[in-house]
Amino acid sequence: MKLFSSVHDVNDLNQLVSEAIQLKASPFAFENLGKHKTIGLIFLNPSLRTRLSTQKAAMNLGMQVMVMNMDKEGWALETRDGVIMNGTTVEHIREAAGVMGEYCDIIGIRSFPGLKDREEDYSELIFNKFVQFAGCPIVSLESATRHPLQSLADVITIEELKKTTKPKVVLTWAPHVKPLPQAVANSFAEWMNKADYEFVITHPEGYDLAPEFVGNAMVTNNQDEALAGADFVYVKNWSSYNDYGKILTEGEGWMLTNEKLKLTNNAGVMHCLPVRRGLELSHEILDGPNSLVLNQANNRVWAAQAVLKQMLEGK
Amino acid sequence: MKLFSSVHDVNDLNQLVSEAIQLKASPFAFENLGKHKTIGLIFLNPSLRTRLSTQKAAMNLGMQVMVMNMDKEGWALETRDGVIMNGTTVEHIREAAGVMGEYCDIIGIRSFPGLKDREEDYSELIFNKFVQFAGCPIVSLESATRHPLQSLADVITIEELKKTTKPKVVLTWAPHVKPLPQAVANSFAEWMNKADYEFVITHPEGYDLAPEFVGNAMVTNNQDEALAGADFVYVKNWSSYNDYGKILTEGEGWMLTNEKLKLTNNAGVMHCLPVRRGLELSHEILDGPNSLVLNQANNRVWAAQAVLKQMLEGK
Amino acid sequence: MKLFSSVHDVNDLNQLVSEAIQLKASPFAFENLGKHKTIGLIFLNPSLRTRLSTQKAAMNLGMQVMVMNMDKEGWALETRDGVIMNGTTVEHIREAAGVMGEYCDIIGIRSFPGLKDREEDYSELIFNKFVQFAGCPIVSLESATRHPLQSLADVITIEELKKTTKPKVVLTWAPHVKPLPQAVANSFAEWMNKADYEFVITHPEGYDLAPEFVGNAMVTNNQDEALAGADFVYVKNWSSYNDYGKILTEGEGWMLTNEKLKLTNNAGVMHCLPVRRGLELSHEILDGPNSLVLNQANNRVWAAQAVLKQMLEGK
């Protein structure tokens with residue numbers, strides 16, 4: 001694997017999940033694989049789980065790890081081509097990526113969308129420039145429109161806990177006070193399509209995801225209907241794709257509660273974190289037995305480790 | 001040891017100090033003890049000595065180290081229970097601690113007090129939530145009311161240099177322009193009580209420490225009287241405990257000088273650093289032969305390493 | 001080597017370059033040399049190449065690496081002696097350097113000039129205080145007036161690619177919108193003098209470098225004349241040394257283009273990066289076959305590794 005930016009970069013999803021679960025059982029079985037190899041983890045935005053889990057995954061494989069908060073420790077990046085850089089940007093992404101590629105065998109990069117210009121965000125400008133100019137394998141640590149390491153961890157979590165071959169998985173929109181990217185929802189949707197579960201997306205009107213991510217999902221604005229009989233419920237806020245980057249509703253009644261959970265098949269409740277308690281998801285669920293959020297967070301390590309392992313093996 | 005938050009978590013102080021001194025002589029004697037173990041060092045506030053010495057201690061034991069500036073690299077933390085998170089906080093400490101516990105075998109955390117609400121600060125809200133939700137051994141890297149790794153390093157320093165079994169140790173308040181926590185003073189006081197030295201605390205009126213930290217110390221507002229015959233003088237500013245978080249006096253005449261040092265038994269002068277020269281402590285003392293501040297800073301490594309060693313050994 | 005602050009600290013430049021080129025061929029040949037040794041990389045300013053390349057160099061030698069952004073993660077530093085610290089600075093450089101020297105076998109430090117007070121900047125106040133009080137070997141990661149690891153990488157790059165024993169090397173001033181330090185230009189000039197190439201400096205009137213750096217260089221305000229027959233062209237902006245820290249001209253016509261490159265002997269074009277495209281250096285050159293900027297960036301690793309190797313060997 002030379003690029004891990006979406007589910008489409010995965011050759012065999014079952015095998016990748018299976019490798020992750022084996023690594024979870026034997027974290028240090030390949031601790032010499034990354035010897036003398038360096039990974040650079042580049043952050044243009046805050047990160048907790050991605051930062052720590054990917055770092056740990058790389059160390060478990062014996063890699064040298066360099067973490068760089070580009071937004072704080074480096075130089076303001078220019079991403080547009082052909083401009084005269086006489087403003088506030090100090091370094092062009094062509095040079096920044098090229099230089100980091102000289103120092104790293106693998107680069108992980110996180111870059112959020114601006115949520116102003118849909119075309120620019122969905123062209124994955126920054127991420128793709130990095131891929132183009134770094135000249136080494138690249139792992140997305142969440143890009144403008146996708147968060148594939150999260151989605152892989154989510155699939156691992158479901159695979160570990162599912163009780164039927166084809167569980168019913170529901171992605172439900174949740175309220176928030178700030179406009180958030182569609183990345184986690186997009187990504188989860190395309191991995192669910194690939195995993196071939198019974199997959200339902202529910203959200204208020206106006207919150208449709210881009211069609212290429214929805215795939216074969218059943219989509220409904222009726223949350224209760226969606227939740228009926230669900231085995232897993234994935235809770236996540238996102239801002240509007242059509243009315244780009246906007247909040248269209250306060251979403252009253254959309255927060256998942258124990259009452260709503262009764263509609264499900266005693267579903268496991270998932271969220272990528274960070275989560276706003278009492279707004280996106282109720283305290284009672286997060287503190288209760290149905291919450292899988294720590295399982296997901298834990299599986300971030302094995303997701304990252306399986307991906308890095310395949311990259312190091314040149315598979 | 002599963003928790004290192006105060007002297008009360010130490011089973012046998014003499015043995016811990018003795019282990020630290022042995023590690024100072026042979027820093028790498030246990031370099032395989034921490035193999036495949038990960039420590040997360042979480043900072044909610046600035047740090048120099050604690051950051052570097054604890055990192056070094058962990059590396060000397062062969063641990064994988066992950067450093068995280070939560071306040072800058074992560075998400076704004078919510079600490080109150082049951083609130084609707086519709087403001088500026090993005091992640092609840094319950095999830096943050098729980099997630100980091102998934103990635104770490106030991107967590108170190110630094111969290112200063114707000115100095116507004118004494119009850120909240122002295123309940124050690126943030127530190128205790130971490131202990132409660134991380135689910136792994138926790139080391140305090142300075143909490144709202146204590147700085148135990150500093151105090152252990154201080155005891156090591158005194159043990160290395162004392163010329164009598166029961167030296168006279170004086171903790172003297174010093175002037176400052178900003179209200180500082182009582183943490184270092186509190187902590188030093190309870191460790192001195194445990195170490196069973198002749199221990200005197202001196203400060204201007206209104207600066208009494210909380211009784212549970214003062215213990216059996218002799219307390220006086222007369223600095224000269226306190227200094228008489230002292231073998232070690234610990235200099236530190238703190239804001240008022242009773243008139244909580246306030247500065248009550250400019251403290252004219254309270255800065256330690258060579259003139260005042262004549263009252264002592266050629267005392268070693270200690271400070272946890274950072275120190276404001278010419279305000280808290282005179283240039284002449286810091287640049288002179290009686291200063292032990294670099295000895296203390298050096299001993300931070302062995303203090304941390306002894307604590308981490310006991311945690312790794314599950315003692 | 002106990003100090004690496006300028007070309008004058010290098011005993012034998014040919015040998016140092018030769019060691020760097022050998023390390024480039026066998027990066028891990030000395031991976032046990034730094035075992036149990038710790039390097040602290042201290043940044044008072046942003047850094048990308050220096051941060052990552054020096055970290056990688058140290059890891060290649062088996063060292064423990066601690067990175068500290070003093071300006072963000074630590075305490076505000078006081079550098080003046082004898083002052084009463086009752087303002088905004090929290091820790092004196094005497095203590096900060098002394099403490100870090102307790103934790104590190106080698107310290108690297110970056111500290112930019114203020115560009116207000118030439119005498120202070122050129123006295124290398126901060127860097128020299130660190131050298132004085134750290135008590136361990138020190139590597140400059142760019143100081144107020146020099147950037148020696150960059151210059152060493154530049155010499156390595158020229159040595160690798162030169163086609164004649166004594167190539168013609170031109171340092172040309174370039175336009176910029178912000179006043180920049182003279183450090184890279186100063187440093188390059190003194191290393192070129194030592195390397196004994198045919199060396200020419202060209203800049204608009206008023207931009208003369210300090211004489212001690214110019215050395216035996218030919219200096220001209222006529223860029224075309226300078227470029228004639230050049231084998232290597234080093235492009236860099238700097239602010240005025242005589243009218244200290246000032247921008248004297250917009251420098252119209254001074255940006256290097258392919259048209260200007262025709263004057264040269266198909267010269268390799270160098271820049272330390274970050275570079276402002278379209279202002280300091282044209283897109284066409286940076287994206288074209290004559291650009292050596294990534295070669296230089298790559299050689300930063302081997303420059304740092306050769307220096308650290310000599311320090312570890314106590315040579």
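Student: What is the count of residue pairs in polar contact between chain C and chain A?
Tutor: It's 16 residue pairs, both residues at pLDDT 80 or more. A polar contact is a pair of N or O atoms within 3.5 Å; within protein, one must be able to donate a hydrogen and the other to accept it, and residues adjacent in sequence count only if both atoms are side-chain atoms. Bear in mind that this is a predicted model, where local features need pLDDT of at least 70, side-chain atom pairs need 80 or more, and totals for chains, interfaces and linings use all residues. Residues are numbered from 1 along each chain as its sequence is written, chains are lettered from A and ligands numbered from 1 in the order written, and side-chain values use heavy atoms, without hydrogens and water.

Student: Why is the pair A:Arg94 and C:Asp287 called a salt bridge?
Tutor: The closest N and O atoms are 3.3 Å apart, and the rule asks for a side-chain nitrogen of Lys or Arg within 4 Å of a carboxyl oxygen of Asp or Glu. So the pair qualifies. The count between chain C and chain A is four salt bridges.

Student: How many residues does each chain bring to the contact?
Tutor: Chain C brings 33 and chain A brings 32, with contact meaning heavy atoms within 4.5 Å.

Student: What do chain C and chain A bury between them?
Tutor: About 2900 Å², 59% of it on carbon and sulfur atoms. That is accessible area (1.4 Å probe) lost on being put together, summed over both.

Conventions. Buried area is the accessible area (1.4 Å probe) that two parts lose on being put together, summed over both.
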